[in-house]
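Please look through the structure below before reading the notes.

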Amino acid sequence: MSDKVYLFQVTYFRKVWEYDANDIVNSVAISDRYAVVGSRDGYLHLLYYNGSLLWKTKLDSYVDRPDLVSIFGDYILVGTRDGFLYLFNADGVMKKKFKTDAYVLRVRIIDNSMIAVSDKKVYFLDREGDITKNVSFDSYVRSANICDKYTVIGLGNNQLATIDNNGNKLWSVNLSDQIGTVSCSENYIAAGCRDKILYLFNIEGNPAWTKNLSDSVVNIAMDESNVAAASRDGFIYIFSLNGIEKLMYKVDRGVPELHLLRDALLIGSSSGKLYYFKLYGDPARLAFVGIVVFIVIMFGFVITIRSAG
């Protein structure tokens, strides 16, 4: 685990700056102008894109996992371990604070709306932080991902559910075991289970394929062409949307964190290494480019990426 935040320029993996948060960093989000950091000591830090501190403020609890801070324009949405949601502006003014029903799993700001997932409900908010709708389920929420147009939920009863970002339930399907991780792209949804099975569905809920991995599926990343998955024993897989295996690679230690960006796969391991794979259309040309020592470590690794384009 680390109290440092590093910004790298992705194309050449040049370190641009580093920032010391003075405690373990659990969540990071970046925009065109800012980087927002949630640390274990309960502080929320807002940095300029050049790495200088604009302000920091103490929360009543702390951000305890990735994807609990989101920034869009001048708005910052934060979820904390004790179940509170905070809305700040870029000047550090707290615009809203309210208690959800349980601890918060994921938050995201999308244009003029905000979405927050607790372990019991999905909350929909307007840009002022007022609740417009909430959706509950028959079981608790084990995993979640918020996409541009819909939200994917893995429930404790092994049900995979989707709702659109207006709060309307779309479809659900029962899977074979506990759903530890879910991911989504514009047209596809992936889910990984404890029994080593990786599922891919299209947006209508029709199954595309299933894959048996070497261990429980612990992380998934997707783009419009690929599904990347990590198993608990440290293996990384990349599949095309039609099910062709492009890569199987073993990282050195720990549960990996994955991100797909344009034509690259980034993998973070708990040993503090960042692996960078260059992806090409031809699987035979997939190349391991190098290892860069670390960005932010939490439960293994936290990587937050924004395309320069």
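**Briefing: sheet, rings and cysteines**

An open sheet is built from four strands, ordered β7-β8-β9-β10, with antiparallel pairing. Strands here are DSSP runs of E with at least two residues, numbered from the N terminus, and two strands pair if DSSP finds at least two bridges between them. This is a predicted model, in which local features need pLDDT of at least 70 and side-chain atom pairs count only at pLDDT 80 or more, while totals for chains, interfaces and linings use all residues. Residues are numbered from 1 along each chain as its sequence is written, and side-chain values use heavy atoms, with hydrogens and water left out.

**The sheet**

- Strands of a sheet pair through backbone hydrogen bonds, either parallel or antiparallel.
- Strand β9 (residues 84-89) is joined to β10 by five bridges, and the two run antiparallel.
- Phe88 has Met94 in β10 as its bridge partner.

**Aromatic rings**

- The whole structure contains eleven aromatic pairs; rings of Phe, Tyr and Trp (its six-membered ring) pair if their centres lie within 6.5 Å, and planes under 30 degrees apart count as stacked, over 60 as edge-to-face and the rest as tilted.
- One of the pairs is Phe84 with Tyr86, which is tilted, with 6.5 Å from centre to centre and 45 degrees between the planes.
- Tyr86 is buried, at 3% relative accessibility (buried means under 20% relative accessible area, exposed over 50%, partly exposed in between, with a 1.4 Å probe and protein chains only).
- Tyr237 and Phe239 make a stacked pair, because their planes are at 5 degrees, with ring centres 6.1 Å apart.
- One aromatic cluster consists of Trp55, Phe84, Tyr86 and Phe88.

**Charges over rings**

- Lys58 has its charged end over the ring of Tyr43, 5.8 Å from the ring centre; a charge sits over a ring if NZ of Lys or CZ of Arg is within 6 Å of the ring centre and within 35 degrees of the ring normal.
- Over the face of Phe235 lies Lys250, at 5.8 Å from the ring centre.

**Cysteines**

- One disulfide is found in the whole structure, where a disulfide is a pair of cysteine sulfur atoms within 2.5 Å.
- Its partners are Cys147 and Cys184, with sulfur atoms 1.5 Å apart.
- Cys147 is buried at 7% relative accessible area, and Cys184 is buried at 12% relative accessibility.
- Cys193 is buried too, with a relative accessible area of 0%.
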